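Let's take a look at the aromatic rings in this one. Which of them pair up, and what sits around them?

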Amino acid sequence: KGCIYPQFASHNAQTIASILAMSGERHFEFQRLHGMGEGLYETVMQAYPNVGVRIYAPVGSHEDLLPYLVRRLLENGANGSFVHKLQDASVPVDELIVHPTKLLITRPSIVNPFIPLPGDIFNDRDNSKGTNLHIASQREPLMNALDKYKDTQWLAKPILGSDGTDGGASKK
């Protein structure tokens with residue numbers, strides 16, 4: 001008890017409302033990016049004064065930050081319609097808080113032919129099947145197979161370039 005402190009980073013009102021509804025008396029905090037979600041989290045903090053909200057900003061070199069910021073832009077682009085609706089005062093709140101399942105059942109099919117199934121994501125190879133670690137019949141064979149490596153020490157290095165050279169300490 002008290003060993004895990006959940007932290008949820010989201011700028012999605014539906015996600016935040018779901019977490020608040022499921023949390024009960026548990027202690028946790030929300031996290032938001034600096035410059036995003038101010039109005040949403042002001043409302044949360046007024047309604048739930050005991051819920052913490054941590055504001056963070058990524059720091060680091062250009063090489064470290066660029067992939068992070070691109071990922072955030074892609075996520076925001078994917079949620080763009082929601083974000084734009086949230087900022088549009090003419091959009092009724094009832095439209096913003098429609099549960100995704102209720103929206104999906106109004107469509108003729110929930111299958112989107114433009115989104116490939118996980119096994120078909122890559123054109124040039126099969127995707128990995130994955131293992132559901134919550135299912136004992138899938139977890140136990142994996143753990144048994146890994147058991148023989150428990151005393152093995154591994155050394156991992158990045159592969160640089162197409163010639164297969166490793167990222168050792170040598171300088172060019």
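This is a predicted model: local features need pLDDT of at least 70, side-chain atom pairs count only at pLDDT 80 or more; totals for chains, interfaces and linings use all residues.

Residues are numbered from 1 along each chain as its sequence is written, and side-chain values use heavy atoms, with hydrogens and water left out.

Rings of Phe, Tyr and Trp (its six-membered ring) pair if their centres lie within 6.5 Å; planes under 30 degrees apart count as stacked, over 60 as edge-to-face and the rest as tilted. That rule gives five aromatic pairs. Two of them are set out here.

| Pair | Centre distance | Plane angle | Class |
|---|---|---|---|
| Phe30 and Tyr41 | 5.7 Å | 55 degrees | tilted |
| Tyr149 and Trp154 | 5.8 Å | 55 degrees | tilted |

How about burial? Buried means under 20% relative accessible area, exposed over 50%, and partly exposed in between (1.4 Å probe, protein chains only). Phe30 is buried at 0%, and Tyr41 is buried at 0% too. Over at the other pair, Tyr149 is partly exposed at 37%, while Trp154 is exposed at 64%.

Phe30 and Tyr41 also belong to a cluster, joined by ring pairs with Phe8 and Phe28.

Finally, the charge: Arg125 lies over the face of Phe122, 3.8 Å from the ring centre. That label needs NZ of Lys or CZ of Arg within 6 Å of the ring centre and within 35 degrees of the ring normal.
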